[in-house]
Amino acid sequence: MSGKTLNFNIGVLGHVDSGKTSLAKALSTVASTACFDKNPQSKERGITIDLGFSSFVVEAPEHVQAGGYEKLQFTLVDCPGHASLIRTIIGGAQIIDGMMLVVDITKGIQTQTAECLVIGEILCDNLLVVFNKVDLIPQQKQKATIEKMTKRILLTLQKTKFANSKIIAVSAKPGGAEASGESPIGVAELIKAMQESSYIPKRDSVGPFLFSVDHCFSIRGQGTIMTGTVLQGMVAVNDTIEIPSLKVTKKVKSMQMFRQPVEKVSQGDRVGICVTQFDPKLLERGLMGTPSVIKTAFGVLAQVSKISYYKLPIETKAKFHVSIGHETVMAKASFFGVENHESAGETFDFDCTYKHQQELLAPKDEDGVTSHLKQFALLEFEKPIQITPNSSLIGSKLDMDVHTNMCRLAFKGELLEIFTDKNYQETQLERIKVYKNKSKEGVVERMANENEIIVKNLLKKDTNSQLFIGLRVKLSTGEEGIIDGTFGQGGKVKVRISSGLQDTTKILLQKLSSGKKKGKSGQENQPSPDNNSEPVKVILNFKKYVFSNSKKIVQT
Ligand SMILES: Nc1nc2c(ncn2[C@@H]2O[C@H](COP(=O)(O)OP(=O)(O)OP(=O)(O)O)[C@@H](O)[C@H]2O)c(=O)[nH]1
């Protein structure tokens, strides 16, 4: 290969059996170590269960040549289509520059086609739609069917950021499984469309090296090879890298890109990295990179938004599968937002206070303008996972019955803070000032003097009353007061009414207490003519911090 080659990663996504693997095969000339359903379990089940990688090189189109590249290498990341494997797809989609959505033309958009579109919307900017299996439509109906399906998918795409995507119709494997070696149809046009819609992705060689490992195997006498994609930075032979999940550091012995030895690799490259021997079974998939860049996370804080196709409520305290990179973990979610987002900063700020939300709200469409609510989530993981800062995440309900035909992807987000301390609940959550609006109601037991009343039932006996001293309350008769202190042992409090009680309130309280006295003298069950007035209520509105250990409360 002479001249500079640009590597462009394309995710091949679509519903199960739409023909993704067949298409990748038809497109590729060079197969990497891990392509085309080599996994023995894949063969048994007849479906792709892992990411497959393959590549082919074409002449760089003019706009890529203008960036100094002579050739363009397409690396296809063949993602599994089966619903249960969506977590693998999400992992695969994090490393792609563009996406090819394969649609079986005889079936149209199916549930996982829609889910793949959602993933694409979150994780990539470039989409090409491929209608496959055109050979299954009788020749005379092919043109009309392609036109009809094109109209349909364009309607769907109009609601996404991919409204102007190209649509190409092919037969990746005419005749299907039984056919013997028939040439694919339409693939040359597809390659042309791929060239045209390619671009020079932002590649950044600065910053710490980060590598997403998708396969790992050893070669006797050489070492262990990790194949994957460089997510960030660069690495050279002899550099030291860390595999955090194994808690080891290793020296890079050699590297290969599609069977060519290389000395140095950088962001976006697909590469096999050889290090000194370790058991490849210990690292099926995961992250490695410059020592201490990868964090072990016990939980994260993220800015999130609801995926509009998800039709169920997303409630605080509910559990979701959270996928970050190749990792998927169960997490308990707690949502909160900016009360008045006009006045809040662009990102999360520990110095601000946030309002607890019972559920994650869908973005509202007001007068055709989507208002972007600023919402955040605290995601507490069931077990620690390896992640890197600035990652995207997807929250989903993967255990939802796929036969319901509902989108299982619930929310998407960007990481803001990673909790790397096992005891983050004690040490870090207090910093996230999220409050709930609370209200308590008590009644005036009696008047102590013109400016002071004794209130019962406002606080429970075992409540730490000290937290409430100094807070404002309002009487149902209109006066405002301040909780001045506790009274006795039963949770009663003294409330000071600085402006003094109104005469009407005093009369009412006197009436109520004389009614009670009569009651005490043996007429409890007889309604006293003096005692049919409502008791005077005392209302306390306050904010209670949700994540704070100190159970701090403040006035509303
Ligand atoms: N007639 C016809 N059959 C095809 C075509 N492309 C693929 N097939 C058949 O469709 C079936 C599924 O093809 P695959 O390429 O394994 O589909 P896939 O989308 O990779 O499947 P998963 O990875 O399991 O989701 C196989 O039996 C193929 O032979 C095509 O263009 N025409």
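Predicted model: local features only at pLDDT ≥ 70, side-chain atom pairs only at ≥ 80, totals over all residues.
Biologist: Let's start with helix 1. Which of its residues are buried?

Modeller: Burial here means under 20% relative accessible area. In helix 1, residues 20-27, the buried ones are Lys 20, Thr 21, Leu 23, Ala 24 and Leu 27.

Biologist: And where do those buried residues fall when I look down the helix axis?

Modeller: They fall within an arc of 160°, so they line one face of helix 1.

Biologist: What about the largest nonpolar core: how many residues has it, and which have the most contacts inside it?

Modeller: A core like this is a set of buried nonpolar residues joined through side-chain atoms. The largest one has 27 residues, and Leu 23, Leu 27, Leu 190 and Met 194 have the most contacts inside it. Elements giving two or more residues include helix 1, strand 1 (5-14), strand 3 (52-59) and helix 7 (187-197). Helix 7 gives the largest share, five residues.

Biologist: Which residues does Leu 190 touch?

Modeller: Leaving out residues up to four places away in sequence, Leu 190 touches Leu 23, Leu 27, Met 100, Leu 128, Val 130, Ile 168 and Val 170. Apart from that core lies another, of 25 residues, with Ala 297, Ile 314, Phe 320 and Leu 360 among them.

Biologist: Now Arg 472: how should I read its relative accessible area?

Modeller: Values between the buried and exposed cut-offs, under 20% and over 50%, count as partly exposed. Arg 472 has 39%, so it is partly exposed. You'll find Arg 472 in strand 28, residues 472-475. Its contacts beyond four places in sequence include Glu 480, Leu 540 and Gln 555.

Notes
Residues numbered from 1 in each chain as written. Heavy atoms only, no water. Helix = DSSP H or I, 4+ residues; strand = E, 2+ residues; numbered from the N terminus. Buried < 20%, exposed > 50% of the residue type's maximum accessible area, 1.4 Å probe, protein only. Contact = heavy atoms within 4.5 Å. Arc of directions from axis to C-beta. Core = buried A, V, L, I, M, F, W, Y, C linked by side-chain atoms within 4.5 Å.
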